[in-house]
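Please keep the sequence and the model at hand while reading.

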Amino acid sequence: MSTISARRGFFRSAMSALIEARQREASRYVSGVLLGFDDETLKAHGYDREELKKAAISR
């Protein structure tokens, strides 16, 4: 592997890790905001409170 492709691989994997971390952060944030709605609203839009609680904590 050449130096250029090794460097490109490093930056590509670093960016992928950064993007994945930000996606998890956004998912936790959205789950937390959705938990602020009442059960009727959540159910009307296809969400389950227990699943949102798990998602807000586990990710």
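Throughout this report, a residue is called buried under 20% relative accessible area, exposed over 50%, and partly exposed in between, with a 1.4 Å probe and protein chains only. The model is predicted, so local features need pLDDT of at least 70 and side-chain atom pairs count only at pLDDT 80 or more, while totals for chains, interfaces and linings use all residues. Residues are numbered from 1 along each chain as its sequence is written, and side-chain values use heavy atoms, with hydrogens and water left out.

**Overall form**

The secondary structure of the protein consists of three helices and zero strands; helices (H or I, at least four residues) and strands (E, at least two) are DSSP runs, numbered from the N terminus. Along the sequence the pattern reads α-α-α. The radius of gyration is 18 Å, well over the 10 Å that the globule rule gives for 59 residues, so the protein is more spread out than a compact globule. Here the radius is taken over C-alpha atoms, and the globule rule is 2.2 Å times the number of residues to the power 0.38.

The C-alpha trace spans about 60 × 20 × 15 Å along its principal axes. Of the 59 residues, 10% count as buried. The accessible surface comes to about 5100 Å², and 57% of this belongs to carbon and sulfur atoms. Accessible areas come from the Shrake-Rupley method with a 1.4 Å probe, and for residues only the protein chains shown count as cover.

**Salt bridges**

Side chains of opposite charge can pair when their charged atoms come close. The rule used for a salt bridge is a side-chain nitrogen of Lys or Arg within 4 Å of a carboxyl oxygen of Asp or Glu. By this rule the count is four salt bridges, including those in the table.

| Glu-20 | Arg-24 | 3.1 Å |

Glu-20 and Arg-24 are four residues apart in helix H1, so about one helical turn separates them. Glu-20 is partly exposed at 45% relative accessibility, and Arg-24 is also partly exposed, at 36%.

Glu-25 and Arg-22 are three residues apart in helix H1, and about one helical turn lies between them. Glu-25 counts as partly exposed at 37% relative accessibility, whereas Arg-22 counts as exposed at 52%.

Glu-50 and Lys-53 both lie in helix H3 (residues 49-58), three residues apart, about one turn of the helix. Glu-50 has a relative accessible area of 46% and is partly exposed. Lys-53 is partly exposed as well, at 37% relative accessibility.

**Aromatic pair**

A pair of aromatic rings is described by the distance of the centres and the angle of the planes. In this report, rings of Phe, Tyr and Trp (its six-membered ring) pair if their centres lie within 6.5 Å; planes under 30 degrees apart count as stacked, over 60 as edge-to-face and the rest as tilted. A search of the whole structure finds one aromatic pair. The ring centres of Phe-10 and Phe-11 are 5.3 Å apart and their planes are at 70 degrees, so the pair is edge-to-face. Phe-10 is exposed, with a relative accessible area of 52%, and Phe-11 is partly exposed, at 48%.

Which residues form a nonpolar patch on the surface? The patch is formed by Tyr-29, Val-30, Val-33 and Phe-37, with about 400 Å² of accessible area together. Patches are made of residues with over 30% relative accessible area and no salt bridge; like charges are joined within 9 Å, and nonpolar side chains (Val, Leu, Ile, Met, Phe, Trp, Tyr) within 5 Å. Tyr-29 lies in helix H1 (residues 3-34) and is exposed, with a relative accessible area of 60%.

Is Ser-31 buried or exposed? Ser-31, found in helix H1, is buried, with a relative accessible area of 5%. Not counting residues up to four places away in sequence, Ser-31 touches Leu-52, Ala-55 and Ala-56, where contact means heavy atoms within 4.5 Å.

Ile-19 is also found in helix H1 and counts as partly exposed, at 45% relative accessibility. Ile-19 and Phe-37 are 18 residues apart in sequence and 28 Å apart in space, C-alpha to C-alpha.
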